[in-house]
Protein chains: 2
Amino acid sequence: MAALFVALIHHPVLDRNGRVVTSAITSLDLHDIARASHTYGVRAFFVVHPVAEQRNFAGRVLDHWRLGYGREYDSRRREALDLIEVVTGLDEAVVAAERACGQRPLLVYTSARASGGTSYESLRARIEAGESTAFLLMFGTGFGLAPALLERADLRLASIQGPGEYNHLSVRAAAGIILDRLRGHRL
Amino acid sequence: MAALFVALIHHPVLDRNGRVVTSAITSLDLHDIARASHTYGVRAFFVVHPVAEQRNFAGRVLDHWRLGYGREYDSRRREALDLIEVVTGLDEAVVAAERACGQRPLLVYTSARASGGTSYESLRARIEAGESTAFLLMFGTGFGLAPALLERADLRLASIQGPGEYNHLSVRAAAGIILDRLRGHRL
């Protein structure tokens, strides 16, 4: 099985007008995506933010659950949050992923707006084949990943579609659904 | 296509010690599950709470996005939140669903702990067959739906599993994943 990594990107992302901005960290993103990452066998979940104050905020959320009150409250949350590494930028995430699994991961761009792109079946098959590579799924906060990240990506994943036109999912739901499509036990 | 409904239940649900409790409404649950519901063609999303103060809180969240600042900020959120009906109990949701589609929906119990249960493939096929019935998916907040709701249910859906043992997803992620398994466009 190829190693799988997740990165939640706060810069560069788009705002609702398509401008490139830096978004704030939302603590429920950390919880929900960590729990989905752990459920689907992700090796590490990188929370990427260029601003030290915001990285410190994430650190305090993690400390609460790893060391403080939350530790007693629900050990299953702590177990998931242990997957989180707070980093300054994508390069740092790539280096950490390579250190963890011995391979430089291919960067996978995700977007609700992409037309075309690699199918879930095809990426799932590559992960299961365990070819000598690793994959890092990039998820955008705000209104999605900036185009600069598409240029850096090795693969672009197809957008999630339901039966209609609307597909404006939260990043928390989208990350869970994409991981389920790639690694879920089918039945 | 059979009509599909979603209900987010705040009572009776379990706490971490397995006691039956009433949980508080989380505004991000409303947003995330409404957006997933709209993406996957759900007819109505019932937010079920027995306490008037909590139903009023949900109403204020909805007003903010339907009428106030949020309306201008992002019309796609409003469009999803329009699916929400805040109700006192499950009976009220069932009556409203029946009024909306002309059929009494079958109640579907979801749980991370269930072993066995109806497969996603099988329920997906029943929905697509459009047999003369409707389905209402019940999702539990807190640590999941109380056993009393299993007794009322017509169907019990299999739990979501990844490659390992851990499957402690947030209700926001679980609802998105289940809807995707039942109605997602496959590719």
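A residue is called buried here if its relative accessible area is under 20%, exposed if over 50% and partly exposed in between, with a 1.4 Å probe and protein chains only. This is a predicted model, in which local features need pLDDT of at least 70 and side-chain atom pairs count only at pLDDT 80 or more, while totals for chains, interfaces and linings use all residues. Residues are numbered from 1 along each chain as its sequence is written, chains are lettered from A, and side-chain values use heavy atoms, without hydrogens and water.

Begin with the aromatic pairs, meaning rings of Phe, Tyr and Trp (its six-membered ring) with centres within 6.5 Å, counted as stacked with planes under 30 degrees apart, edge-to-face over 60 and tilted for the rest. Over all chains there are two such pairs. Select A:Phe5 and A:Phe46, which are stacked with 6.1 Å from centre to centre and 25° between the planes. A:Phe5 belongs to strand E1 (residues 3-9) of chain A and A:Phe46 to strand E4 (residues 44-48) of chain A, 41 residues apart; strands are DSSP runs of E with at least two residues, numbered from the N terminus. A:Phe5 has 0% relative accessibility and therefore counts as buried, and A:Phe46 is likewise buried at 0%.

Next, go to chain B and select B:Phe5 and B:Phe46, a stacked pair with 6.1 Å between centres and 25° between planes.

Finally, select A:Arg181, which lies over the face of A:Tyr120 at 4.7 Å from the ring centre; a charge sits over a ring if NZ of Lys or CZ of Arg is within 6 Å of the ring centre and within 35 degrees of the ring normal.

How values were computed
Helix = DSSP H or I, 4+ residues; strand = E, 2+ residues; numbered from the N terminus.
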